[in-house]
Amino acid sequence: MSAVPSSISSPASVAHCIRSNSNRNGVFLNTFFNSRISSKPPLNHLFFRNSSGAKRKSTFTASRPFSPVMEWQDCMAKIEVDVPSSAAYNCYSDREAIPRWMPFISSVKVLEDKPDLSRWSLKYEAFGRDLEFSWLARNMQPIPNQKIHWRSLEGLPNKGAIRFYPKGPSSCLIELTVSYEVPQILSPVASALRPFLEGLLLGGLERFAKVAKDYQSVP
């Protein structure tokens with residue numbers, strides 16, 4: 001900041017000099033802070049450690065500005081199968097068998113002392129990385145032959161339901177809905193996540209249709 005010249009002696013002259021310096025410094029400070037704010041590094045750089053412990057950077061191309069608020073997404077898939085709704089319901093009720101038709105679910109373990117609770121693990125390679133999540137889920141009160149629904153209690157936040165609509169004596173429409181909180185590591189690609197997961201769910205239901213037919217034929 002410039003010093004007040006020694007030749008200024010009157011109060012009015014001093015005030016004029018201070019105002020002049022304040023204006024110049026105000027421009028400087030605004031320019032300084034604006035440049036500091038705009039020079040922040042982008043938030044779409046994530047760091048990971050590989051098996052050797054070295055840190056590497058992975059860059060996402062974000063489709064929207066970063067937001068600290070967690071986003072929920074809803075997915076749905078449905079299919080008509082040549083299996084009665086009662087047989088489809090009974091087959092899907094076997095939670096530990098779900099990885100047979102949903103391969104991205106690596107395991108489901110029902111708790112022996114609390115059969116309404118189950119531990120889930122998800123492992124899948126997508127978006128250029130190996131993804132792994134787990135959660136504890138509670139099955140809510142079902143509607144026999146019509147609806148199975150659940151919600152997570154810990155781990156990856158999610159909830160969902162599978163519904164069975166009779167289409168005749170030997171066929172039904174199956175509708176699977178899943179809602180989940182987008183993991184922060186996947187927030188930069190959130191817009192691509194929903195259609196990707198809906199494709200996985202539909203593929204799972206197509207495999208389930210075959211499993212349910214075999215399940216129905218078992219005496």
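Visitor: Let's start with Arg138: what is its relative accessible area?
Guide: This is a predicted model, where local features need pLDDT of at least 70, side-chain atom pairs count only at pLDDT 80 or more, and totals for chains, interfaces and linings use all residues. Residues are numbered from 1 along each chain as its sequence is written, and side-chain values use heavy atoms, with hydrogens and water left out. Buried means under 20% relative accessible area, exposed over 50% and partly exposed in between, with a 1.4 Å probe and protein chains only. Arg138 counts as partly exposed, because its relative accessible area is 34%.

Visitor: Which residue meets the side chain of Arg138 in a salt bridge?
Guide: A salt bridge here is a side-chain nitrogen of Lys or Arg within 4 Å of a carboxyl oxygen of Asp or Glu. For Arg138 the N to O distance is 3.3 Å, and the side chain on the other end belongs to Asp116.

Visitor: How many residues apart in sequence are the parts that this pair, Asp116 and Arg138, ties together?
Guide: Helices (H or I, at least four residues) and strands (E, at least two) are DSSP runs, numbered from the N terminus. The salt bridge joins Asp116 and Arg138. Asp116 sits in the loop between β4 and β5 (117–126), while Arg138 belongs to strand β6 (residues 129–139), so the parts tied together are apart in sequence by 22 residues.

Visitor: Which residue forms a salt bridge with Glu154, and how many residues apart are the two?
Guide: The partner is Arg119, with the closest N and O atoms 3.4 Å apart. This pair links distant parts of the chain, as Glu154 is in strand β7 (residues 147–155) and Arg119 in strand β5, which puts them apart by 35 residues.

Visitor: How far apart are the closest N and O atoms of Lys123 and Glu132?
Guide: Lys123 is partly exposed, with a relative accessible area of 46%, whereas Glu132 is exposed at 58%. Their side chains form a salt bridge, and the closest N and O atoms are apart by 3.9 Å.

Visitor: How many salt bridges does the count come to?
Guide: By the 4 Å rule, the count comes to three.

Visitor: Which residues gather in a surface patch of negative charge?
Guide: A patch is made of residues with over 30% relative accessible area and no salt bridge, like charges being joined within 9 Å and nonpolar side chains (Val, Leu, Ile, Met, Phe, Trp, Tyr) within 5 Å. Glu96, in the loop between α2 (85–92) and β4 (105–110), is partly exposed with a relative accessible area of 39%. The negative patch consists of Asp94, Glu96, Glu112 and Asp113.

Visitor: How many disulfides does the structure hold?
Guide: A disulfide would be a pair of cysteine sulfur atoms within 2.5 Å. Cys172 counts as buried at 0% relative accessibility. The number of disulfides is zero.

Visitor: Near what angle is phi of Asn145?
Guide: Phe127, in the loop between β5 and β6, has a positive phi near 55 degrees although it is not glycine. Asn145 is placed in the loop between β6 and β7 and is partly exposed at 31%. Its phi is also positive in a residue other than glycine, near 65 degrees.

Visitor: What distance separates the C-alpha atoms of Gly199 and Met76?
Guide: Gly199 lies in helix α3 (residues 190–217) and is partly exposed, with a relative accessible area of 43%. Gly199 and Met76 are 123 residues apart along the chain, and their C-alpha atoms are separated by 9.4 Å.

Definitions and conventions:
Accessible areas come from the Shrake-Rupley method with a 1.4 Å probe; for residues, only the protein chains shown count as cover. Lys and Arg count as positive and Asp and Glu as negative; His and the chain ends are not counted. The place of a charge is taken as NZ of Lys, CZ of Arg, CG of Asp or CD of Glu.
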